[in-house]
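User: Hi! Could you walk me through this model once it is on screen?

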Amino acid sequence: MTEVTVVDIIGYIVILVGVLFDLLGAIGLVRFPDVYNRLQSATKSVTLGTFGIMIGILIVTGFTPLGIKALICGVFLLLTAPVSAHALSRGSLRFGAKMWKGTVIDSYGKDKLGGPQIESEEGETKESKEKEDEVA
C-alpha cells in the first residue's frame, strides 16, 4: 500500500485550485458579453489555472521526467498566454469588433483609431452616434 505524504496532499490541493480557476475561466468564457472580456477570462484561467495544475503535477511527481515536462509546459503557458491574448484583442479591435455597451473607457480606440469603439444601445458605436448628433 502506498503512503500519501504531506507533499502529495499539497500537490493535490494546488491541482484542485488550478482546476477551479480553469472552471471559472470556462464559465466566464460563456457568460461575458464581448470578445475582450472573454479573452480576459480565458487568459486568466490558462495563466493561473493550468499553470497551477502543472505546478501541482511537479509537486506530486517531483523532478521526474513527468514533473520536468509539466514545469516546462507551465513556463511556456505562463510566457505565451498573455502575449497571445494581447495580440488577439488588438487584432479584434483593429478588425472592428465593438466593445460591450457597458464598457467604461476605451483609451486605445480613442488614441489610435480616432474614437471609442464602444457599442451603443442600438448596436452602433458611440462615435458614430456623436457624429450623427453633430450633423443634426
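This is a predicted model: local features need pLDDT of at least 70, side-chain atom pairs count only at pLDDT 80 or more; totals for chains, interfaces and linings use all residues.

**Around a helix and a pocket**

User: Nice. How many residues does α3 have, and how far apart are its end C-alpha atoms?

Analyst: α3 has 31 residues, and its end C-alpha atoms are 43 Å apart. At 1.5 Å a residue the helix should span 45 Å, so the two values agree.

User: Where in α3 is the kink?

Analyst: At Thr80, shortly before the proline Pro82, and the kink is about 30 degrees.

User: Which residues of α3 are buried?

Analyst: Those are Gly67, Ala70, Gly74, Ala81, Ala85, Ser92 and Leu93.

User: And what do the buried residues of α3 pack against?

Analyst: They pack against α2 and α4, the latter covering 107–112.

User: Switching topic: how much space lies in the largest pocket?

Analyst: About 350 Å³. The pocket is lined by 15 residues, and the closest to its centre are Tyr36, Ala85, His86, Ser89 and Arg90.

User: Last one: how does the lining divide into nonpolar, polar and charged?

Analyst: The lining of the largest pocket has 6 nonpolar, 6 polar and 3 charged residues.

How values were computed: Residues are numbered from 1 along each chain as its sequence is written. Side-chain values use heavy atoms; hydrogens and water are left out. On a 1 Å grid over the protein atoms alone, a cavity is a set of points where a 1.4 Å probe fits but cannot get out, and a pocket is an open set with protein on both sides within 12 Å along at least five of seven lines; lining residues have an atom within 4 Å of a point. Grid points are joined across faces, edges and corners, and a volume is the space filled by probe spheres set on the points. Ala, Val, Leu, Ile, Met, Phe, Trp, Tyr, Cys and Pro count as nonpolar, Asp, Glu, Lys and Arg as charged, and the others, Gly among them, as polar. Helices (H or I, at least four residues) and strands (E, at least two) are DSSP runs, numbered from the N terminus. The expected span of a helix is 1.5 Å times one less than its number of residues. The bend at a residue is the angle between axes fitted to the seven residues ending there and the seven starting there. Buried means under 20% relative accessible area, exposed over 50%, partly exposed in between (1.4 Å probe, protein chains only). Contact means heavy atoms within 4.5 Å.
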